[in-house]
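Here are my notes on the model, point by point. Please read them beside the coordinates.

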Amino acid sequence: MTDATTPATTLIDRAVIRLSGEDVRGFLQGLVTNDVTGPLPVWAALLSPQGKALFDFIIWGEGDDLLLDCEAEQADALAKRLTLYRLRRPITIARDQTLAVHWSREGERGVSDPRLAALGRRWIAPASGTAAEGWVAHRLSLGVTEGVAELGSAETLWLECNARELNGVSFIKGCYVGQENTARMNYRSKVNRRLVVAPISEPGSRTRATYPELGLMVEHRRIESLGDALIPAWLAGALAE
């Protein structure tokens, strides 16, 4: 329950998908980019066979179940896609309407965002009924992109989404959809483009999303043409390699 003195924490643009049944970790382990057999939460993606991002999400554990903290607008499409891979396994994949994703820029509740601690704290609990404020502005100020509007759907290679720098991929977990191209790019150090946040200007062919109210945009730029893009410390090191 919230009152006038309790800050709103619900991210209303996020939803929770619950996976339950027989060996759901083993099921998801063979599909997504990160290791779900170890500590959770982790940021991960479901890729196309070519290694391009289809959906990104944060994976949580709850007993034997797994919870996917994902875009609300993409929840049904993600659940449907995962169901295609389920075949005859006794696994249930469905949106959990009783739960919501929560965020706080600081404090002690929840855990640090697995992508970047500076993003703040996240947790899953029943919805508070009031939307949290400031999340998108805070995320973009740190140069972190997410979701189909910014990453595209089968448009951007996962490492171009800065997945390596933001802990969104394991290179030792074994096979998953899109693993071959992702691993090849990593070992050959061939990440020629990056998704970056930049001050807003006239949209062009490389523009993915614009946020006029924040004066920012997300673009897919070549490394040699980053221009006025925001280069946070977590990305600067990778670009200097």
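This is a predicted model: local features need pLDDT of at least 70, side-chain atom pairs count only at pLDDT 80 or more; totals for chains, interfaces and linings use all residues.

1. Residues are numbered from 1 along each chain as its sequence is written, and side-chain values use heavy atoms, with hydrogens and water left out.

2. Take Asp 69 and Arg 14. Their side chains form a salt bridge at 2.9 Å, N to O. The pair links distant parts of the chain: Asp 69 sits in strand β4 (residues 65–71) and Arg 14 in strand β1 (residues 14–21), 55 residues apart. Strands are DSSP runs of E, at least two residues long; helices are runs of H or I, at least four; both are numbered from the N terminus. Asp 69 and Arg 14 are both buried. Buried means under 20% relative accessible area, exposed over 50%, and partly exposed in between (1.4 Å probe, protein chains only).

3. Asp 113 and Arg 122 also pair, at 3.5 Å, N to O. Asp 113 is buried because its relative accessible area is 3%. Arg 122 is buried too, at 1%.

4. Arg 164 and Glu 165 meet in a salt bridge at 3.2 Å, N to O. Arg 164 has a relative accessible area of 26%, so this residue is partly exposed. Glu 165 counts as buried, at 16%. Elsewhere, shared partners join Arg 14, Asp 69, Asp 113, Arg 115, Arg 122, Arg 139, Glu 146 and Glu 150 into one network of salt bridges.

5. The structure holds one cavity of 30 Å³ or more. A cavity here is a set of points on a 1 Å grid over the protein atoms alone, where a 1.4 Å probe fits but cannot get out. The largest cavity has a volume of about 40 Å³, taken as the space filled by probe spheres set on the points, which are joined across faces, edges and corners.

6. Which element gives the most to the lining of the largest cavity? It is β3, with three residues. Lining residues have an atom within 4 Å of a point; among them are Phe 55, Cys 70, Leu 78 and Val 148.

7. Ser 201 lies in the loop between β9 (193–199) and β10 (207–211). Ser 201 counts as partly exposed because its relative accessibility is 41%.

Conventions:
A salt bridge is a side-chain nitrogen of Lys or Arg within 4 Å of a carboxyl oxygen of Asp or Glu. On a 1 Å grid over the protein atoms alone, a cavity is a set of points where a 1.4 Å probe fits but cannot get out, and a pocket is an open set with protein on both sides within 12 Å along at least five of seven lines; lining residues have an atom within 4 Å of a point.
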